[in-house]
Amino acid sequence: MESDLGLWAIPIAMLGGAIRVSTPFLFVSLGEVLTERSGRINLGLEGTLVFGAMSGYAVAFLTGNAWAGVGAAAICGALFGLLHGLICSLPRVNDIAVGIALMLLGMGLAFFFGKPFIQPVAPDLPSISFGWWSDLPQVRAALQVNVLFLIGIVAAVALWWMFRATKVGLVIRVVGDSTDAARAMGLSPPLIRTLATAAGGAFAGVGGAYLSLFYPGSWNEGISSGQGLMAVALVIFARWNPIYCFWAAILFGAAGALGPALQSVGVSTGYYLFYAAPYVLTLGVLIATSSPTRAMTGAPGELSITK
Amino acid sequence: MAMTTPPITGARDILSPDGWLAALARRSEAVVIPFCALLAGLAAFSLFLLMQGKSPADFYSIVYMGGFGSSFSWQNTLSRTAPLLLAALCVALPARLGLVVIGGEGAIVLGGVACGAVAGLLIGVPGVLGIPLMAAAGALAGAVWIGAVGALRHYRGVNETIASLLLAYIAIALMNHLVEGPLRDPASLNKPSTAPLAEQLRVGDLPGWNVHWGLIAGIVACIAAWVLIERTTWGFAARIAGGNVRAAQVQGLPVGRLIIGFTALGGAFAGLAGVFEVAAVHGSANASLAGGYGYTGILIAFLARHNPLAIIPVAILLAGFEASSGLIQRRMDLPDATVLVLQGFVFVAILCSETLYGRFRLFAPERWRTA
Amino acid sequence: MTSLPFSRRSFLKGSAALAGASAFAGPAFADSHSPLTVGFIYVGPKDDFGYNQAHAEGAAAVKAMEGVIVVEEENVAETVDVQNSMESMINFDGASLIFPTSFGYFDPHILELAPRYPDVRFQHAAGLWQEGVHPANVGSYFGYIGLGQYLNGIVAGHMSATKKLGFVAAKPIPQVLQNINSYLLGARSVDPSITCQVIFTGEWSLAVKEAEATNALADAGCDVITCHVDGPKVVMETAAGRDCFVCGYHADQSPLAPEKYLTGAEWNWPGVYTRMVQTVLDGGTIDNFDRGGLAEGYIKMSPLGPAVTDAARNQFEAVKAEMMAGGFAAYQGPLMDNAGNQILGEGEAFVETDIALESMDYLVDGVIGSTS
């Protein structure tokens, strides 16, 4: 079984890392796209993600069914989103600040209720092996793909299609681009934004459940290393396009796998700097693609962070 | 019939929009609403505790005991306050321009590292000279880091919230790299750190207290920031630009310089917080610098509605909550995250109360007469 | 209104202590009739399957002792937080013996507090205390757990098919480096061709990175993996998921991977802590500097797992018996580091108590990785 791949180990590890690590980023950023397209920003998805991880793990442990955990995480996430949406529907309330507050609250509640679930072992989500064609154990391991990852891809395409071709998508886009136009069409922007935020929260909750139920696959207070916050950055990176969200999440996951992969082939100096690669990369792309004079392509007109 | 001014009666006088009562009413809105929101948040948290089968009365008495009940508790609280004051300014100052900067943690750790690095060059230098140099280095590091956020915002249109967050992650990685690599003191075996500060470069405690001078520095910084915002043309210009950038540009205000100046100043204060952590608490720069003060600072700035003077009592209050956290764990068998939940409740309540401004006739003397 | 959740007596005592604290420099309540209050402070959650859980198990054993009250606090950062926690335990709970268990609590935090509370004993888990340099009411204790990793390595050496071991490490500090080196040397005592790949995560507790590091090791062909991070749960589960054997660290992780768990180097804090607390209860003084290995009951090995072969078992038991006799030398010359420098010449050795091991800054020949 000895198979030394030399430097080929790096791309294979990055592929595997991209598939393993990207799913939470994908779900949270899809949720954020949905929210931001309606004209609001929810910075609290980090808290939603962590609470989703805890509630998903707890329910999976208590019921013995990992999918029940995913469902519970989605519901909890939707409730957090609903809370955010309702509070932001009050006049003069700043959505960014509410997001930060709910991030704190979500993490606090997750840690508070999560104490009894640090020790127990909950069932894992199933994964599908796509590496059967290869003799290399590394490739087979890298292509061990979790079902949620596949669901995420489907969701990305579905959202893309929704924004492009359906009435619901149109309504969300109109509300996000101009409150006045939406009102003129007889729509209620606060209601639609609140629903979009709740749906976005559900996505983030599922992203959290992936963390605790598949990879790394256990609940503890350090389970998230800022995936929820980073996903908000990825949405700008992805220009509010669900398909691009997928690629951004993959890229981010691969960049995150770079550090350990380089060490495993013997490049071990300055690993902290390699570990910071995803953040540097995101910042670089933001700097390269932003512009001081025009709003970003694809940016919803009513979004506070791009106005 | 010719209208004559009615004779001024006592009652009319007191209700006049120009009278002292009216002035008091207008000013009290900014105090009464947040205070009531704070109480509402605490009340909601009480309900939460009741649902857990815990007594709110016990909880608040323990918070009082642990945070404010004795001179020892006060020292505990105040020793946490210093970095929080400075970290909150890093959020409050840019907020005057409508910018939400959440990456103060990055400026704190780099301020601390800069302090530790510079201290290594100042071994034989007396404290009166060395400490200001270290402080300047730390403040500069923080100013560059958060100022860069402002510059990116102004010149490239990069969202400052996201940029500051990314830069905070990068700063922590940089700190770890420096402390475990180029700046590591070979003698710091199991906790990689920069070389310990020479004795004369340490910042001591206030006379008779176990609270370091950073507290005074933080209070002075808050007052200075208040003066800057409320009493200078720069502060006035910033408020206009914060309300509407385009209007400010039309009026010829130097929006770019304002943005970079305010973010850099906020970053300098956060960097200073890192300096005090190194010079007054840890004695060298190491990974403990990333202690989360930057994130609590966000909460404090928002609770204080970005008013630098209000930051002082709010920071003390939150430091008191945190100081009592251990006692809550031990006496009430509640997890350490309890204080985080409490902070969340209070934060949400205060933000909800934003919607109440201007809604009450009580605070709007112009509308008294129509009652 | 319900009553406060602490007894009236302890409250009164706390108040008295407070009065004392404000009147004098420090409180004095060494009343021989009142129970001994012992404080434990942890840097992370006390059920992390790792470093903190090991200490918490020790605290639980102390709690069961007669005449002792235990107060605990978890997730206490190595900042002014821990100073406040210790002071709070002293002033409010009347703690007179405190075990701040994280390495980073010592300097400056314990050193700051100890002179202010001369009647309180601070026991710190590391070998940092020095006679004449540090206060007399501070003590250090630690175990030679590197020997446990050496035994891990022996079993790993027998069980590895690829002859490549993996080690997920937090930071390149002497304690961690010593564990890595001991693990490899144990394996090389079985087969000198074995190598060990190390990956540093840079943090003591960072779940996703630990999982990625474990996967990277498995990808690199490592088939027996161990670690030195605060909570080994993620490493154990991920490695077992990749069909690798695992060796535990800090605490017993066998429930996480029952089939794949070979053995583990565990702290035996219940024995150490009850012994120290008993010394105080008996009116004695704990030694300022106390260390030990397997023989002294500081560390222990997890029971061997079901997969362990007889050959592995026999060598494991034989070397363990040698260690129990004391003076075991895992590091014997000639020994080179992996950068080609000589560490030990022919005939030289570091025995388990050798002070040179405390400042280890190299990886021995056969370890793939670097310290910076």
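The legends below describe close-up views of a predicted model.

**View 1**
Chain A contains 13 helices and two strands. Along the principal axes, its C-alpha atoms occupy a box of roughly 70 × 45 × 35 Å.

**View 2. Interior of chain A, with its buried residues and its contacts.**
Of the 307 residues in chain A, 63% are buried.

**View 3. Contact between chain B and chain A.**
Chain B brings 37 residues to this contact, and chain A brings 40 residues. On the side of chain B that touches chain A, two or more residues come from each of α6 (127-156), α7 (160-180), α12 (293-303) and α15 (338-353) of chain B. By residue class, this side of chain B has 25 nonpolar, 10 polar and two charged residues.

**View 4. Contact between chain C and chain B.**
Here 35 residues of chain C meet 31 residues of chain B. In chain C, the elements α1 (8-23), β2 (68-73), α3 (80-93) and α6 (174-188) each give at least two residues to the side that touches chain B. The largest share of that side of chain C is from α3(C), with eight residues. The side of chain C that touches chain B is made up of 15 nonpolar, 13 polar and seven charged residues.

Key
Residues are numbered from 1 along each chain as its sequence is written. Chains are lettered from A and ligands numbered from 1 in the order in which they are written. This is a predicted model: local features need pLDDT of at least 70, side-chain atom pairs count only at pLDDT 80 or more; totals for chains, interfaces and linings use all residues. Two residues are in contact if their C-beta atoms, placed from the backbone, lie within 7 Å. Helices (H or I, at least four residues) and strands (E, at least two) are DSSP runs, numbered from the N terminus. Ala, Val, Leu, Ile, Met, Phe, Trp, Tyr, Cys and Pro count as nonpolar, Asp, Glu, Lys and Arg as charged, and the others, Gly among them, as polar. A residue is buried if 20 or more other C-beta atoms lie within 10 Å of its own, exposed if 12 or fewer, and partly exposed in between; C-beta atoms are placed from the backbone.
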